[in-house]
Amino acid sequence: MRVWQSAFAPPGVELSPQSADLVLVFGSVDIFDSPGFATRLTAAYPDAIRVGCSTAGEIAGDSVLDGSCVATAIRFGKGTAVTATEADIASADDSQRAGEALGEALTALPGLSGVLLFARGVGVNGSALIDGLSSRLPSGVPVSGGLAGDGGAFVRTLVLGPSGVSDERAVAVGLYGDAMHLGLGSVGGWEPFGPARKVTKAVGNLLLQLDGEPALNVYKRYLGDHARDLPASGLLFPFELLNGNHDSVGLIRTILGIDEAAGGLILAGTVEEGFYLRLMHASTDGLVDGAEQAGAIAAAASAGAMGSDATAETAGDRLALLTSCVGRKLVMGDRVEEEVQAVADRMGSGAVLAGFYSYGEIGPMRDLVDCRLHNQTMTVALLTER
């Protein structure tokens, strides 16, 4: 397995044709939307499957970029095969069906060992999308990836798939064969504050009532002066999801928008009535520590899969796919690269780091098997060939 990166920006810069099996492309909305973008990618990587999405920041090596585009090319060994399939998501109501369609297409071939999923970041119910996908996959198949971004504007996001660039689509990459392994880690680093509030009314990802009161009223009261900057300020104060015993279930939900007429909050993922929510906040040091933990978990999972006699030479090149939340980027500001560097330190010299800042991260729960939509996490998928 060989992994390498190339800058695909500004639009006037051309790349020489290169041979690869899979190319992951993450960049700004402006570059994704530029004339001939998909055509230029085809010319640069004529034999490869080309997928990716727009971002709220690009990750390349141990750096965080804005307004750029980074293509990460992968050539697999003979034991690994790769496919890509896509499904339309015209509105959030299509999310479950789209996930089911992706899962059915991926399982049409035998030997599925992992999935990378990228989808529009607005006008989607990320939880329903992943639930639909997982319902069609064999048990234990790891899934990673994330929802596209548009620099924090939450207006229009873009996804690159086999049919080109679209603002109404999800694309899934299927990795096949016993040689391929995805080591996953997903950690937040946020701290809860304030009382737990019961979800008394919710429809999908629209949170309408907390403790019988309009959710927007409750949220504004806690935010104080920050409330005037909603929905953008909602990225700084996500919710922790709790069960009936007020124990964390390992999921965080970010506010993507508000519904003034209904008094509701539009969340990045589904919440269910009867559960509880508690506000969270973060420090840069806490988020960096969380990122380091995610990298350590992913590296440990891959090391175990390689066997006790594995070495850097036998493992070959590896890809560490990082998906972090735009909310984390806002909190850390100029120190945002510290979380990427913390992951890089855990990966070692054999890994190439690539990824993006997203509107939702796809990664494991605490059992490291069941994959869900997360918010406000650093999620790491370490791709290794045995």
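**Close-up 1: what lines the largest cavity.** By class, the lining of the largest cavity is made of 9 nonpolar, 1 polar and 2 charged residues. This is a predicted model, where local features need pLDDT of at least 70 and side-chain atom pairs count only at pLDDT 80 or more, while totals for chains, interfaces and linings use all residues. Residues are numbered from 1 along each chain as its sequence is written, and side-chain values use heavy atoms, with hydrogens and water left out. Among the lining residues are Phe193, Tyr219, Phe239 and Arg278. A cavity here is a set of points on a 1 Å grid over the protein atoms alone where a 1.4 Å probe fits but cannot get out, and lining residues have an atom within 4 Å of a point.

**Close-up 2: Asp33 meets Arg156.** These two side chains form a salt bridge (2.9 Å, N to O); the term means a side-chain nitrogen of Lys or Arg within 4 Å of a carboxyl oxygen of Asp or Glu. Asp33 is partly exposed, with a relative accessible area of 43%, and Arg156 is partly exposed too, at 32%. Buried means under 20% relative accessible area, exposed over 50%, and partly exposed in between (1.4 Å probe, protein chains only).

**Close-up 3: Arg335 with Glu338.** Here's another salt bridge, with Glu338 and Arg335 meeting at 2.8 Å, N to O. Glu338 is partly exposed at 29% relative accessible area, and Arg335 is partly exposed at 35%. Elsewhere, salt bridges that share partners join Asp33, Arg156 and Asp167 into one network.

Methods:
On a 1 Å grid over the protein atoms alone, a cavity is a set of points where a 1.4 Å probe fits but cannot get out, and a pocket is an open set with protein on both sides within 12 Å along at least five of seven lines; lining residues have an atom within 4 Å of a point. Ala, Val, Leu, Ile, Met, Phe, Trp, Tyr, Cys and Pro count as nonpolar, Asp, Glu, Lys and Arg as charged, and the others, Gly among them, as polar.
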